[in-house]
Amino acid sequence: MPTPQRAKALQLERSLLYHCAGIINRVGGSVHALCRERYGMSPAAWRVMAHVGELQPITAKEIGQRAAMDSVNLSRALGQLDGLGFVQRHIDTADRRRIILQLSPAGQAVYDTVAPLTVKAEQTLLAELNAQERATLRELTRRVWERSRQLFDGAESDTAY
C-alpha cells in the first residue's frame, strides 16, 4: 500500500530564508575565501571591516546594531581585525566610555581592495534584472530588513514566531 503524501512543512523552494542563505553561501563564499586566504579574516571580521570602512568613525555598539551581530561575535571579529593591524581604536573625548573605531592604513588598503569586489559580485548577480527590477528588489529587501529589526531587535522579539 503506497504511503500517503505529506505536506511539505518548509517548502524550501519558496522560502526566503533558504534562498538568502544560498545566495550568501555562493556569492559571499568567494569574497570570504579571498578575505580568509589573502588577509586572514573571517567572514564576521569582513562584515565588521565593511561597516568601519563605510561609516568610520563608528563605535562597536553601532556596528552591532547595524550588522545584527551579537556582542560575542562582534568582539571576536574586532579582536581579529585588531590583531591583524586593520583597525584603530580611540577613546571618544566627549564620552570616555565610548571607543571610536577607524581603519588603520593597512585596513583601509584591504577595504579598498575587497569592497569593489563585493560590489562587482552584486552587480554580476543582479545583471539579469533590469533597472526597475533592481530598484524594486532593493526596496523590498530594505523593507524586509527593517521588519526583521522590528521583530528581533525590538520589543516584539519574544513573540516573533
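Predicted model: local features only at pLDDT ≥ 70, side-chain atom pairs only at ≥ 80, totals over all residues.
1. Some ground rules. Residues are numbered from 1 along each chain as its sequence is written. Local features need pLDDT of at least 70 and side-chain atom pairs count only at pLDDT 80 or more, while totals for chains, interfaces and linings use all residues, and side-chain values use heavy atoms, with hydrogens and water left out.

2. Overall layout. The protein has six helices and three strands, in the order α-α-β-α-α-β-β-α-α along the sequence. Helices (H or I, at least four residues) and strands (E, at least two) are DSSP runs numbered from the N terminus.

3. Overall dimensions. The C-alpha atoms fill a box of roughly 70 × 40 × 35 Å along the principal axes. Buried residues make up 26% of the 161 residues; buried means under 20% relative accessible area, with a 1.4 Å probe and protein chains only.

4. How do the axes of α2 and α4 cross? Helix α2 (residues 43-55) and helix α4 (residues 71-83) have axes that come within 8 Å and cross at roughly 80°. That makes α2 roughly perpendicular to α4 (the label covers 65 to 115 degrees). Axes here are lines fitted to C-alpha atoms over the stretch in contact, with angles from 0 to 180 degrees between N-to-C directions.

5. Who meets whom? From α2 come Ala44, Ala45, Val48 and Met49, and from α4 Leu74, Ala77, Leu78, Gln80 and Leu81. Contact means heavy atoms within 4.5 Å.

6. Worth a look: His51, also in helix α2. His51 counts as buried because its relative accessibility is 17%. Leaving aside residues up to four places away in sequence, His51 touches Gln56, Ile58, Ile63, Arg66 and Ala67.

Notes:
Parallel < 35°, antiparallel > 145°, perpendicular 65-115°, else oblique. Buried < 20%, exposed > 50% of the residue type's maximum accessible area, 1.4 Å probe, protein only.
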